[in-house]
Amino acid sequence: MDRKLYIDGRWCDGLAGQTAVIHDPATGEPVGTSSIATASDVDIAVLAAARVFPAWAGMHADKRAQIMHRAADLIEQRIDEIADMLTREQGKPLPDSKKEIAFGVEVIRYYAEEGRRVHGSLRPAARGDIRNIVNSHPVGVVAGIIPWNYPVDLYAWKVAPVLAAGCVLIAKPPHETPLAIGMVVQCFADAGLPSGVLNDIPGTGPEVGAALSAHPGIHMITATASVPAGQSIMRAAAGNLKRLSLELGGQCPFLVLDDADPVEAAAAAARRSFSNMGQICIAVNRIIVGKAIHARFIEALVEETAKIKLGHGVEPGVLYGPVLNESVRTRVTRHMEDAVARGGKLLTGGTVPKGKAYDKGFFFQPAIVDQVPEGALATTEETFGPLAAVQVVSDDREAIRIANALPFGLAAYVFSGDLERGWSVAEKIEAGAVGVNVNDTSDLQAPFGGWKMSGLGRELGPEGLHAFLEKKHIKLRLRAGLHDPA
């Protein structure tokens, strides 16, 4: 595949002519090329978006919804080819790629309908001749910054509410994984989306991300990124006080209370720790286990992890693939070795698998380190890779203290045999979402986002749409006498 930039309704080369070769992380083989944007391309995209914004904002919500539904239908029809490309450029197995794209389709359809439900209100007034009208209006030109770990899914999280709200979007797909997104953009074009409403310019954070964040013609930034990247966006966005929706990094704790089913909890922890090779913002980093069931839990966790078979994601039956690149392996190794050096015990994994099938890819055996002390890198930084650090606690109070000790608060998990106890602990966790006896915290109908340094604003649910709407109060005074009763 050879993809270009998409600006003002056409595919084009970047002004600087920069390109990147995209390689399969399982084999090292090239799977395509992509044009790479620069700051000059940002200027052109902003002009195109600003020009078409009044017409798109003024279009009836039903008409916008029809276009979005057609785009969702086309993505669904092309899901096999999009999923194949996603697997080859990102590494996740085909079943996970199809699941990701299918959820993205759901998001687009949800916001197509949610956009029809935006309404105003007539508020009470202190005087009989005054009427207070409160309306919602689209914020304007939005820039969306998308990460490489779930590129199609998180692209939908950005584009769907932005378009449904009547805003226009300049998207910066990740330069590491831009190809499947290009196929999704074509679906929007084929669905009849007007030129300039969606502009798509793959590029790097320091170049394109920084240009978008500082550009005076952009009114809002929505980004999924690391904490340092989010801080850079905030600083650059201050120039014209852009609105911000930032979903940033986490360091998610998984609490296993001493009345939990250790086998059930271990299976859930393994999947949430190692799915997509741990390259998930809500992946489990720290597993905090009650002392009374620690031994049985560890036994079950090691057994569950031992079942993981790595392979190329396009091969039948493969459920776990490579990490994205060498930098991920290096970071995971550093965190693992630091945990062991501080007294932790490596129980399984932590090596690069041997064999012809793995030699050219970025494979890494998922690792478990037990009895990792507080202060280790694996318990204080986001590993973003296949490593689970286990900590042992004496009671719920200690578990809550450790869970809340970091300046991050994206997601957390609590497993308990007593729902009331689990609920009580969940309410004390400082995070934007907590899963009780479930290892996933995202749901299309509910807001998703972080506390503390894990971000601000919310995606998904009605909140995800209203983030792109500004409130306007219109205060009317009626003509004298007309409002009085006869």
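This tour moves through a predicted model, from a sheet to a pair of cysteines, a helix pair and one tryptophan.

Residues are numbered from 1 along each chain as its sequence is written, and side-chain values use heavy atoms, with hydrogens and water left out. Because the model is predicted, local features need pLDDT of at least 70 and side-chain atom pairs count only at pLDDT 80 or more, while totals for chains, interfaces and linings use all residues.

**The sheet**

Select the seven strands that form an open sheet, in the order E15-E16-E17-E14-E13-E19-E20, with mixed pairing. Helices (H or I, at least four residues) and strands (E, at least two) are DSSP runs, numbered from the N terminus; two strands pair if DSSP finds at least two bridges between them. The edges are strand E15 (345-348) and strand E20 (433-436), each pairing on one side only. On average, neighbouring strands of this sheet are turned by 25° against each other, direction ignored.

Next, select residues 284-290 (E14) and 387-393 (E17), which pair in the parallel sense over five bridges. Isoleucine 288 has glutamine 391 of E17 as its bridge partner.

Contact means heavy atoms within 4.5 Å.

**Two cysteines**

How many disulfides does the structure hold? It holds zero, a disulfide being a pair of cysteine sulfur atoms within 2.5 Å. The sulfur of cysteine 252 has its closest cysteine sulfur in cysteine 281, 7.2 Å away, too far for a bond. Cysteine 252 is buried at 1% relative accessible area, and cysteine 281 is buried at 14%. Buried means under 20% relative accessible area, exposed over 50%, partly exposed in between (1.4 Å probe, protein chains only).

**A helix pair**

Move to helix H3 (residues 79-90) and helix H6 (residues 179-190), whose axes come within 8 Å and cross at roughly 155°. The two helices are therefore roughly antiparallel (over 145 degrees; under 35 counts as roughly parallel, 65 to 115 as roughly perpendicular and the rest as oblique). Glu81, Ile82, Met85, Leu86 and Glu89 of H3 meet Leu179, Ala180, Met183 and Val184 of H6.

**Tryptophan 56**

Finally, select tryptophan 56 in helix H1 (residues 39-58). Tryptophan 56 is buried, at 1% relative accessibility. Not counting residues up to four places away in sequence, its contacts include Arg64, Leu163 and Pro194.

Key:
Axes are lines fitted to C-alpha atoms, for helices over the stretch in contact, and angles run from 0 to 180 degrees between N-to-C directions.
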